[in-house]
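Hi,

Here is the structure I promised to pass on. Have a look at it first, and then read on for what turned up in it.

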Amino acid sequence: MSIEILMPALSPTMEKGNLAKWLKKEGDKVAPGDVIAEIETDKATMEVEAIDEGTLAKIVVPEGTVDVPVNQLIAVLATDGEDVKAVAAGSGAAPAKAEAPKAEASKVEAPKAPEPAAPVPAPAAPAAPVSAPAASGARVFASPLARRLAKEKGIDLSVVKGSGPRGRVVAADVVAAPAGGAAKPAVAPAAGSAPAAPVAAPLSNSALLEQVKAYYEPGTYEEVPLDAMRRVIAQRMTEARQTVPTFYLTVDCDVDALLKLREELNKAAPEKDGKPAYKLSVNDFVIKAYALAFQQVPDANQVWGGDRYLKLKHSDIGVAVAIDGGKGLLTPIIRKAETKTLSAISNETRDFAARARNKKLMPHEYQGGSSAISNLGMFGIKDFTAIINPPHATILAVGTSEQRAVVKGGQLAVATQMTVTVSCDHRVMDGAMGAQLLTAFKQIIEKPMSMLV
């Protein structure tokens, strides 16, 4: 029986991808593990490996096609013993180009009804039945990572709808599934109770666009469609603002000692191939100090897990990197930053930043982590607040280093100061814990020699 190859979900946030290149052509033999195509996701270009064995009978979606929805048929594989030409002929023509999405919702959300002309009460029809789980003992096709994640989250894989080839459950499906693996059935209103007040349906993207365009004279603007990365950023940041109860704490840090030590260390850097082996930035010190602060306040090194926290052992610090001229953002993660030297952090950060701008990071290099740092100091920004990126419970916003008038020992003096603000998820920590974390950071950053021992 022929095997359908579907557009895979290569990350939990992926809804569409660009089919950049086919590495196999029609008629080629394919074995499990063979790289058959390159897919551009919202954040990276990734290789797709074959799961099954056979012959590539038909390429349904040609290379260069953009915005291919997850789970759309992209190719057909003929298994051993099948007539390749017959399989290719029976696979049909390439699917019509998908329409632009009418809602930037996550692919695990239920489809929305068409927007009504006016708000109307929900019909009194009974709730749709919930799909029954797979029969007891039925085999569930799932990737090893999906099985491990399901076990950790207590999810029954038999009730998780797979988005991989032939319905295979992949890690993204488990991440998106609620605890227990299935949605709860809707509860019918009690007999005799008053119907809920009518709620206006949200505007579709097309309706919202027309509403916004009505404010402006035709010809005075240019429409710039969102790319995949911007769609995901817009979706995730909106969700974060709406769902994460956030409070903010701010301190000013004296960085004169840090700047002096940085200059001395850079001057002492050994040469390698005619160039300094490292060139430390202020941000390298910030990463190290933030990582050590989490080790001093271990209860703050937690992320949100729904009905529990995950208390992390190491300080894995994400560093926000702007790409595409500020049109996108990636946050590569310095793993175990508390154990690394400043020079190692510096070189790793530079490598990540370069590959992030070329979208060459692998998912494990930008997913997870303890917290993140957003540094706008190089743009002269004095202070700002950053939006938490779930499941993180914190993010540190770093402003520029500038000379300011301060009072020291009752006397007016000039000091180089840097303002930092930590955003905290109140579900994970309270104000006192956030203050302890920020105080620890301030003490470390103001005594930078402690980062060398």
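Before the sheet, a word on pairing: two strands count as a pair if DSSP finds at least two bridges between them. Helices and strands themselves are DSSP runs, numbered from the N terminus, with helices being H or I over at least four residues and strands being E over at least two. Also keep in mind that this is a predicted model, in which local features need pLDDT of at least 70 and side-chain atom pairs count only at pLDDT 80 or more, while totals for chains, interfaces and linings use all residues. Residues are numbered from 1 along each chain as its sequence is written, and side-chain values use heavy atoms, with hydrogens and water left out.

Now the overall picture. The protein has nine helices and 20 strands. Of its 453 residues, 39% count as buried, where buried means under 20% relative accessible area, exposed means over 50%, and partly exposed is in between (1.4 Å probe, protein chains only). If you take contacts (heavy atoms within 4.5 Å) between residues at least 6 apart in sequence, 62% of them join residues at least 24 apart.

On to the sheet. Six strands form an open sheet in the order β9-β20-β19-β18-β14-β17, and the pairing is mixed. Because β9 and β17 (333-334) each have a single partner strand, they stand at the edges, and one side of each has no neighbour in the sheet. Strand β14 (residues 317-319) runs antiparallel to β17, joined to it by two bridges, and G318 sits opposite I333 of β17. Helix α9 packs on this sheet, touching β9, β19 and β20, and its direction makes about 20° with that of β9. That angle is between N-to-C directions on a scale from 0 to 180 degrees, with axes as lines fitted to C-alpha atoms, for helices over the stretch in contact.

Which residues of α9 are buried? They are M433, G434, L437, L438, A440, F441, I444 and I445. Seen down the axis of α9, these buried residues fall within an arc of 155°, so they line one face of the helix; the arc is that of the directions from the helix axis to the C-beta atoms. Besides β9 (246-254), β19 (394-408) and β20 (411-425), the buried residues of α9 pack against α6 (256-267) and α7 (282-296).

Helix α5 (residues 228-243) also has 16 residues and reaches 22 Å from its first C-alpha to its last, close to the 22 Å expected. Its buried residues include A228, M229, V232 and I233, and the buried residues of α5 pack against β2 (16-22), β7, β15 (321-323) and β16 (328-330).

Back in the sheet, S374 is in strand β18 (residues 371-375). S374 is buried, at 15% relative accessible area. Leaving out residues up to four places away in sequence, S374 touches A320, F384, A386, I395, L396, A397 and V398. A320 itself lies in the loop between β14 and β15 and is partly exposed, at 28% relative accessibility. The C-alpha atoms of A320 and P332 are separated by 7.0 Å, although the two are twelve residues apart along the chain.

Elsewhere, strand β5 (residues 45-49) has M46 and V48 on a covered face, with T45, E47 and E49 on an uncovered one. Five bridges join β5 to β4 (residues 35-40), and the two run antiparallel; E38 has E47 as its bridge partner.

Last, some backbone details:

- A cis peptide bond joins P390 and P391, with omega about 10°; P391 is in the loop between β18 and β19.
- N71, not a glycine, has a positive phi of about 80°, and sits in the loop between β7 (65-69) and β8 (73-78).
- K336, not a glycine either, has a positive phi of about 50°, and lies in the loop between β17 and α8 (342-357).

Cheers

Notes
Expected span 1.5 Å × (residues − 1).
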